[in-house]
Amino acid sequence: LGPSTPPNNTMSDGAHYLDEYLANVLPAVGLDVETYAPYVTGYANDDDDDGEDGLDDLIELLRASSESHGDDDASWEEFKKQIIQRRKDYLQSEDTRKELQLIEHQQQKASELQKQIDLAKHNSLELQERKRLDLESKKLENMSADKIALMAKFGYEAENDDDNEEEGEGDKPMTNRDHAAQTNLQNAQQQRSAYKQTKKEAQQETKKAKATKDAKKEERRKRAAKGERHR
């Protein structure tokens, strides 16, 4: 009943970790493998076994069934030793496998969580950058001359439309985008007002200069007429 082959403590393709050992040892003690192997594997699979007492009862059954080794104490002692050791090795390997599996599962979850965090950060930064570019594009200094001219031309009407919309919407909070648009509109209106003021002042200056020029011209004409009379 000695260990003729190294312990095989794994279960693969439905095979039990004791199958190979039992296939060699049971015939050696005069027992049929197909009949008695399930008794041994059943004991090995029982998580609620009562320790060596249950194994001792199993060995007594096997000894009583053996016609050739029923009185061979040494053989059955070795058999008991092998079953205990192989079961211990298998359970330890299973514990290790489960621990590694748990660690791998936790690492996968941590990796997936980190990917989600990275994606969220990326999306947040991308959104902030889009907002920044949107605000930059609405600044007066970044607008094209045509757009500024259009805003200056239609700014008053757009402001009235915005007022009407605000009256209909009630106390709707102003967003950053709304604030930026309002600021740009005010800047455009101020620029339009400044342009009108400058144009008006220029017209006044032109009118004043023309009046001065006409007055000087009239004074020269009067002088010339007075000189002709003296002659």
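Biologist: In this predicted model, which residues of H1 are buried?

Modeller: Tyr21, Leu22, Val25 and Leu26 of H1 are buried. Each therefore falls under 20% relative accessible area.

Biologist: What puts them on the same side of H1?

Modeller: Around the axis they cover an arc of only 105°, so they share one side of H1. An α-helix has 3.6 residues a turn, so residues three or four places apart point the same way.

Biologist: Against which helices do the buried residues of H1 pack?

Modeller: They pack against H2 and H4.

Biologist: Why is H1 called oblique to H2?

Modeller: The two axes come within 10 Å and cross at roughly 125°. Angles of 65 to 115 degrees count as roughly perpendicular and those over 145 as roughly antiparallel, so an angle between these ranges is oblique. That makes H1 oblique to H2. The crossing of H1 past H2 is right-handed.

Biologist: Which residues meet where H1 and H2 are in contact?

Modeller: From H1, Asp19, Leu22, Ala23, Leu26 and Pro27 meet Val33, Tyr36, Ala37, Val40 and Thr41 of H2.

Biologist: Which residues have the most contacts inside the largest nonpolar core?

Modeller: Leu22, Val40, Leu62, Phe79 and Ile83 do, in a core of 21 residues. Helices H1 (19–28), H2 (33–45), H3 (52–65) and H4 (73–138) each supply at least two of its residues. H2 gives the largest share, 5 residues.

Biologist: With which residues is Leu62 in contact, leaving aside its neighbours within four places in sequence?

Modeller: Leu62 is in contact with Leu31, Tyr36, Val40, Trp76 and Phe79.

Methods: Residues numbered from 1 in each chain as written. Predicted model: local features only at pLDDT ≥ 70, side-chain atom pairs only at ≥ 80, totals over all residues. Heavy atoms only, no water. Core = buried A, V, L, I, M, F, W, Y, C linked by side-chain atoms within 4.5 Å. Buried < 20%, exposed > 50% of the residue type's maximum accessible area, 1.4 Å probe, protein only. Helix = DSSP H or I, 4+ residues; strand = E, 2+ residues; numbered from the N terminus. Contact = heavy atoms within 4.5 Å. Arc of directions from axis to C-beta. Axes fitted to C-alpha atoms, helices over the stretch in contact; angles between N-to-C directions. Parallel < 35°, antiparallel > 145°, perpendicular 65-115°, else oblique. Left-handed = near helix turned anticlockwise from the far one by under 90°.
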